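Please read the points below alongside the sequence and the model.

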Amino acid sequence: MSLNRTEQAIYDYMGRHPEERQYIHDKVRALAAGAEDTPKAVSRIDAELWRYCEERSSVVPALREAARLYGIRRTSMKNLAEFLIRLWIDPRPKKPPNKAERQNLND
């Protein structure tokens, strides 16, 4: 999976700061648990990672420098959200097909 510069900077920062990694880990797990499905979880985590990025970019020198170089306009965090879900969340079991879907499969 390929991360954009901003996603990679956040991921590297979390790797160097265990307390920040734990904070994001807990946030990802809570958001994923509260979402009906994986795409909704990704969307919520994407938004939360962006808020986190904006906040940390104002106080963390490495992230502040990245923001200065690349700008602090809204950047997708979708790839990082999907990656963190794969790392930290057990896959959801697939729902069995309903009666109509089973009928279509048997036709």
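1. His25 lies in helix α2, where helices are DSSP runs of H or I with at least four residues, numbered from the N terminus. The model is a predicted one, in which local features need pLDDT of at least 70 and side-chain atom pairs count only at pLDDT 80 or more, whereas totals for chains, interfaces and linings use all residues. Residues are numbered from 1 along each chain as its sequence is written, and side-chain values use heavy atoms, with hydrogens and water left out.

2. His25 has a relative accessible area of 18% and is therefore buried (under 20%, with a 1.4 Å probe and protein chains only). The side chain of His25 also makes a polar contact with the side chain of Asp26, at 3.5 Å; such a contact is a pair of N or O atoms within 3.5 Å, one able to donate a hydrogen and the other to accept it, and for residues adjacent in sequence both must be side-chain atoms.

3. The axes of helix α2 (residues 18-34) and helix α5 (residues 78-88) come within 10 Å and cross at roughly 90°, which makes α2 roughly perpendicular to α5 (65 to 115 degrees). Arg21, Ile24, His25, Val28 and Arg29 of α2 meet Leu84, Ile85 and Trp88 of α5, with contact meaning heavy atoms within 4.5 Å.

4. Arg56 belongs to helix α3 (residues 38-57) and, with a relative accessible area of 17%, is buried as well. Apart from neighbours within four places in sequence, Arg56 is in contact with Tyr13, Glu20 and Leu63.

Conventions. Helix = DSSP H or I, 4+ residues; strand = E, 2+ residues; numbered from the N terminus. Buried < 20%, exposed > 50% of the residue type's maximum accessible area, 1.4 Å probe, protein only. Axes fitted to C-alpha atoms, helices over the stretch in contact; angles between N-to-C directions. Parallel < 35°, antiparallel > 145°, perpendicular 65-115°, else oblique.
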